[in-house]
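Subject: Structure for your review

Dear colleague,

Please find below the structure that I am handing over to you. My findings follow it.

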Amino acid sequence: MAGKAWKFGDDVDTDAIIPGRYLANWNKTPEKLKEHCFADMNPTFASQVQAGDFVVGGRNFGCGSSREAAPIAIKMTGVKVVIAQSFARIFFRNSINVGLLVLESPAAAADIAPGDVLEVDTAAGTIKNVTRRQTYNFKPIPSFLQQILDLGGLAPYVKRRLGIA
Amino acid sequence: MGSTITEKILANASGVDKVTPGEIITAKVDAVIGHDITTAAFRELEKMKVDKVFDRSKVYFTVDHFVPSPSLEAAAQLKDLGGYIKKYEIENWFEQGRGGVCHAIFPEAGLVRPGMVIVGSDSHTCTYGALAAFSSGLGATDVAAAMALGELWLRVPASLRFVFDGVLQPMVTGKDVILHTIGEIGVDGALYKAMEFTGEAIRSMPIDERFTVCNMAVEAGAKNGIIAPDAITMQYLDGRARGPMLTFASDADAAYEAEFRWDASALEPMVAQPFLPSNVAPAGDVRDVKVDQVVIGSCTNGRISDLRAAAQIMKGKKAAQGVRVLVFPATQQVYLEAMKEGLLEIFVEAGAMVSPPICGPCLGGHMGLLADGEVAVSTTNRNFVGRMGHKNSKVYLSSPYTAAASAVAGYIIDPRQVI
């Protein structure tokens, strides 16, 4: 996975990721969230982000509301990975559940500059900064969560538990 | 080594004698809660091809965010939700005009009891710790899974202990206690952790203010907030709670990751300034901030004692020229009580507008969005950029006393200077 970094600061809240005014019935047409992603914080993001780019945040990324619309909005822009120093807990869970990869790496979060070209190798557990010729490690995904990811998310896990085909 | 109250509830829910912070457990849930935006969880349930919930008496739904419907999208969502409630035969359903804001209506209806594990797709689900339940917010897919299975994986949180010695001064409330706490530890100061509140000021705190304290635990990043059950808890539950109660207490030798101890009598009315709930200052130190809108209500501060506090300040007074005052009783019952007690009359005579029991402009949905450059003082829980409207608007969080006093003064003020 390779792409360009979009850098954000500490305490990026879910209202900044997708403002509340876009939430009425969002789940019916989730693809519409894309155009409003980071609407107030970075108005050019939605129109310029490319599939495969990375969102990079600081501490406590995704704090605030439990809205699952937040990781879905990011995912709808074509971003597949968010890297941060740390994540707020509900955002972290939601991201795993909807298939957005969230990687905790204080070194990467501190070092990466806007526009840096990054490559992520999930098997090796590394984030490579091609622009700066640096490699950072990320915190391994807990094994229990990895099992859910391996099944393809929480929905397949629930179906398997209930014996639904 | 003993256990904290949070650990004891989670051990009980996962069928073991003891759990340890960091351990991943599967806990049985006693209730799953949701609101209109949680319609998404039912859609996930459908996608999972799950045709019934684990226990239809243990799923609670209300509508509070986008009601009465402000748009065609919201109207369509509410219609869909009504269909799902029927399809899944949800027993505890509070439709428009029968309920109110989720974290106020479910406890009020006796559906929250000590020792329960409650999850819901609203971040302020942690409110129920005020009644000594373990409760935590989740997203729609997690809630769908919990509704399907009646259980949920959780990492056992380490506990932080917050001790408030002494008693609060008049007009210093639970809201000021929690704003002080978040100001001290920061918006990620309790990330993934349990916040346990104790000490003389907590033990003597009325139940409505305890709800406020636990409600905002998530604003410090916490998984849950909790207060041990006592006579005040039991008085609230008496004649109200339906079902068994499990009263746990933390052991004297329970392990806490950290302890914070403050003198409650030294606390002042606080405000959280833009743009984080941790950016706190005493209201009296915030000078020359002119106010365009005052919001009194929400899952944080929309209960009857909150309205009484605001009315105490506003009685016989008028809101300052140019200040819009919006009052949101949190439930139909609170509305009715406020009417019977004459509080609504006080608000209306002061120039305030009184709304049905909904979340209002707290999340910037509708019913009072702010324009470019406008300032609100609000008893709600978040003041992020653009939270209540335009990205250049500002929200100051406060108690109902401070919000009402600021409405009367026209600028942010310590309520003790108004009375």
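The domain bounds used here come from an automatic or database domain assignment. For chain B of this predicted model, that assignment gives domain 1 (5–262) and domain 2 (270–417). The C-alpha centres of domain 1 and domain 2 of chain B lie 24 Å apart.

Where these domains meet, 35 residues of domain 1 of chain B are in contact with 34 residues of domain 2 of chain B. On the domain 1 side, helix 4 (102–108), helix 6 and helix 8 of chain B each supply at least two residues, and helix 6 of chain B gives the largest share, six residues. By class, this side of domain 1 of chain B comprises 15 nonpolar, 13 polar and seven charged residues.

Helix 6 (residues 174–185) and helix 8 (residues 207–215) of chain B have axes 8 Å apart and an angle of about 20 degrees between them. Because angles under 35 degrees count as roughly parallel, helix 6 of chain B is roughly parallel to helix 8 of chain B. The crossing of helix 6 of chain B past helix 8 of chain B is right-handed. In this contact, Gly174(B), Lys175(B), Val177(B) and Ile178(B) of helix 6 meet Glu209(B), Arg210(B), Thr212(B) and Val213(B) of helix 8; three of the residues are nonpolar, two polar and three charged.

Between the chains, the contact takes 37 residues from chain A and 45 residues from chain B. Helix 1 (14–17), helix 4 (89–98) and helix 7 (154–162) of chain A are the elements that give two or more residues to the chain A side, which has 16 nonpolar, 10 polar and 11 charged residues.

Yours sincerely

Methods:
Residues numbered from 1 in each chain as written. Chains lettered and ligands numbered in written order. Predicted model: local features only at pLDDT ≥ 70, side-chain atom pairs only at ≥ 80, totals over all residues. Contact = placed C-beta atoms within 7 Å. Helix = DSSP H or I, 4+ residues; strand = E, 2+ residues; numbered from the N terminus. Nonpolar A, V, L, I, M, F, W, Y, C, P; charged D, E, K, R; others polar. Axes fitted to C-alpha atoms, helices over the stretch in contact; angles between N-to-C directions. Parallel < 35°, antiparallel > 145°, perpendicular 65-115°, else oblique. Left-handed = near helix turned anticlockwise from the far one by under 90°.
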